Structure formats: C-alpha cells, structure tokens
Amino acid sequence: MTWFQLGPSSTSSNLQKMLLKARWIALPLCSFLICTALSTCEKRKSGQSSIPNQTAKKWNRERAELEYRLIQTELKLAKSEELYMVLNFQRKVLRLKLKGAVVWDYPIDIYEADSQEVREFVERFQGDDRRLIRFLSGKHLFAAQHKTPDSILAIVGEAVRANPELLQRDVPARFQLLWGYGLTLEVRTDIVGQPKSPLKSTLVEFRHALRRPFGEAHLIVKMRPADALTLYRAARPGLPTLLYPPL
Amino acid sequence: MKRWLWYIIIPSTLFLAFIGVWLVISGGESSLNQMTLFKESFLIHLPQDEKLAKRELQKARRALARLKPSRPYIVIDTHANLIFLRTENSVLFKATCSTGSGGELIDSATGRRWVFNTPRGVFKVTSKLVDPWWRKPDWAFIEENESIPKDPAQRLDPEMLGEYALGFGDDYYIHGTIYERLLGVNVTHGCVRVGSDDLKKLYDMVSIGTLIYIF
C-alpha cells in the first residue's frame, strides 16, 4: 500500500507498525460490529411478524404451527399476480394485499361489538379442518349512491368518448361479502343510498332467514364510504381470503 | 289427467323445490380447483424436532419479511381513484387521481383496437421527468377524427402532461393534467393523472426504483 511509504523517518515507520498491528484488531472488530448490526436488524424484522416471536419466549408448538401455516399460505398467495384479502383478528384489521404488500387496510370495527360473534365467525371459517383460507363466493349490494352526478358524467362521457355508466362509481351504503358455508361479512356506511335490485335483496334476506337455524356467522362492520367503495369493487368472487384468528 | 302422471309430477316438483332451497341455503360454494390449489397449505407442518422447527419458522418469517417493500411505495387504487405513498402500517401521502376509463376505441380504417385500462400489478418508477412533453400516439388522433401526422414534431404536445411525470414502463406515466376538475373520475387512457400540487409533492418524495402497486 503506497500510503505507508510516505517518508523514511522513524516516526512514520513507527506509525506504519502501529497501523499494521491495528489492522489485525480492526478487522475482527469491524466484522463483529457488522454481525451484531445484522442480527439486530433480523430481530427487528422477525418482531414485525403478525404473531409475537414465540421462539424468544417459551416454545408454544401449537402457536408456532399456526404461524407457520399462515406464513406458508401467505407466501403461496403472494406468488400470484392477484390481490388477496387478509382478515386479521389479531391486529383487528382488514387488509388487501398484492404480492405481499399492503395496498389497502381498514380497522375491523365490529358494528355490534360482541366477541361471541367474532368467535363464531372464526370457528365457522376454520371449520373442522382448521383451514385458514377461503375464497369469496359472492357479494351483494343492498343500497348505493352515485359518486358523481349523472348529468356531469354525461358531459364528461361525451368529452372522453366513454360510456357514462362505465365512468360511474356506486358508493355502497350497505353490502355483503359471502364465502359460502354461512359466512357473511356485512359492511355498512353512514350514507343513505338508493336500494339496488330489491328482488335480489329480498331473496338474500330470505336466504339468511332460512340458513339461520342451520347455523350462520354474520359479522357487521362499519366503514367509511370511500373505503367501502374500494372493498366492494376489489372484492370479486374467487378472491382468496386469509384468516389470522385471534390469539 | 291420468292418475299415474301425478306420481311423476309430485316427486319431481318436490325434488326441484328441495334443490332450490338447498341452493338458496348454500349460497354457492367456492370451486373445487381453488380448494385443491391450497390443499397443500393445510397439510403443512413444522418438523417434530424443536430446534429444526424453530429454524424452519425463522426461515419462513424471513421469506415473508422479504416480500414487504423495504422503503415507502406508491399504491394506486383504480376503484376509488386514489393514489398513496405508504408503508405497511402508515399512509405518508394521499391524493385523488384519475385512472383508465376502460373505454374502447376501434380504428374503422385499419380495425386497430385500444382498451383504455390502467395496468394492474407491481411496477417500478423508471423515470422522473420535469416539464414532460407528450408524444401523441395514433389513438389520440383517431379519437379526435384527425389524420395521423407523418411529421413526428406534429405529435408533440408540451401542455398535456403537466409539470412532472413519473414513468412506470410501456409509455405509462403518473403525470399532471389540465383537466383537474375530472380528478376522481375514471377518464384517462391508462395513465394516472394527479393534480399539480399533489404531483409536485409526490415527485419530491419518490425516487427511481420506488415500487408502484396498482389494483
């Protein structure tokens, strides 16, 4: 290294020796510091997991199995190009995720706050085989309100040469997401909308009434209209839904 | 009516009624393919050995953590016409935008067809432009019933894209607009329009390589 040979003086040669010695101390010290920093980052990352790091505490096999299954299932979902929903009762949040990243979330605010209802919903969702994933089988809009007045959209539609109906977005006042097996998540907003397809709505209500004696889990969630709009439109039949049960 | 006919009509009616009630009660189930697709997930178990199990769990946690973007990312909600800059747990920036109309244009002369949708999926900011000029594609002239110019200079429009643009591939941009009144409505040809003040803020907050999630 050229900078060690700046001059022939004894001071610089002493400095050279010192630096050479320091190198042997500095190298392991630096490696140690890097390793410590990396392990700290790793600990922080694993601490962000939805289930608290159990390995640090007492090993709880059942909980670890659950977390492992949840992670593996989510990894599988994240491989696809499609959106998926996460019903996280541990963090009380409803999320839409794409490739593992959160793209939309909303706190689960149970309308009729009763933990028994949540327990029933989770038990029914999991079924006998303790499944963590189901697929949305349908949705039904009871009432909605146009986001933009039709008169404006008629003008806009003409300007951009698009069908005004295509441009319109119905802001849902009340809708239901259905997974089959008597699982329903009802979303209510504080807007008063126009009833949509009353006949179908009556049939849906009739179906609930018929199903009730056979068992049904019906959760009601309050939501802001803009978020309800996103959830209603993004929730297409077949949407994979992952459930993080309460601990 | 002959008596024996009733022996067919009554059971058939009862059977159909039963099927109808069953369909109403079941409300439709998920398809078998979806169930089989994730069958493996239900069968996944940790190794019996505690040490191995812990190691396996840590490995899985790391794999999940790797999926999460390491820095703030852009999310475009085409349903509500909103654009966000966010992390997993917090929203750093939110603005109204306009996304693809889903409209269709067919060139009657050549039969060429365009569908104006904003692409969905995961993208990256590939370019950051100040005072971008729009190079009008063929559909812009066809839509206006104008002839397509042969001189490339006649395609350039210095006003339409506003003051800033963030490219995310295939000629798609997050850009400004001269039609700010239409923000919040799905009116674009696939690009994402943002108001000028919000666009300036977003432009300053992101860098090339920032992930964009569109859903």
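Reply: Happy to; below, each of your questions is answered with a value and the definition behind it. This is a predicted model, in which local features need pLDDT of at least 70 and side-chain atom pairs count only at pLDDT 80 or more, while totals for chains, interfaces and linings use all residues. Residues are numbered from 1 along each chain as its sequence is written, and chains are lettered from A and ligands numbered from 1 in the order in which they are written.

Me: Why is strand S10 of chain A called largely enclosed?

Reply: A residue is buried if 20 or more other C-beta atoms lie within 10 Å of its own, exposed if 12 or fewer, and partly exposed in between, with C-beta atoms placed from the backbone. Five of the five residues of S10(A), residues 240-244, are buried, so the strand is largely enclosed by the rest of the structure. A:Pro240, A:Leu242 and A:Tyr244 point one way, A:Thr241 and A:Leu243 the other, and all are buried.

Me: What makes S10(A) a paired strand, and which strands does it pair with?

Reply: Strands here are DSSP runs (E, at least two residues), helices are runs of H or I with at least four, and both are numbered from the N terminus. Two strands pair if DSSP finds at least two bridges between them. Strand S1 of chain A (residues 83-88) is joined to S10(A) by four bridges in the parallel sense, and strand S4 of chain A (residues 133-135) by three, running antiparallel. A:Thr241 in S10(A) stands opposite A:Met85 and also opposite A:Arg134.

Me: Why are S8 and S9 of chain A called edge strands?

Reply: The open sheet of five strands in chain A has the order S8-S5-S6-S7-S9, with mixed pairing. S8 (194-195) and S9 (217-222) each pair on one side only. Within that order, S6(A) (residues 170-180) and S7(A) (residues 183-188) pair in the antiparallel sense over six bridges; A:Leu177 has A:Leu185 in S7(A) as its bridge partner.

Me: How do you know that the buried residues of helix H4 of chain B line one face?

Reply: The buried residues in H4(B) are B:Leu57, B:Ala60, B:Arg61 and B:Leu64. Seen down the axis, they fall within an arc of 100° (taken from the directions from the helix axis to the C-beta atoms), so they line one face of the helix. An α-helix has 3.6 residues a turn, so residues three or four places apart point the same way. On the other side of H4(B), B:Lys51, B:Leu52, B:Lys59 and B:Arg66 are exposed.

Me: How does the span of H4(B) sit against the expected one?

Reply: The expected span is 1.5 Å times one less than the number of residues. H4(B) has 18 residues and reaches 26 Å from its first C-alpha to its last, close to the expected 26 Å.

Me: What makes a residue part of the side of chain B that touches chain A, and which element gives the most?

Reply: Two residues are in contact if their C-beta atoms, placed from the backbone, lie within 7 Å. By that rule, 47 residues of chain B are in contact with 55 residues of chain A. H4(B) gives the most to this side of chain B, with twelve residues.
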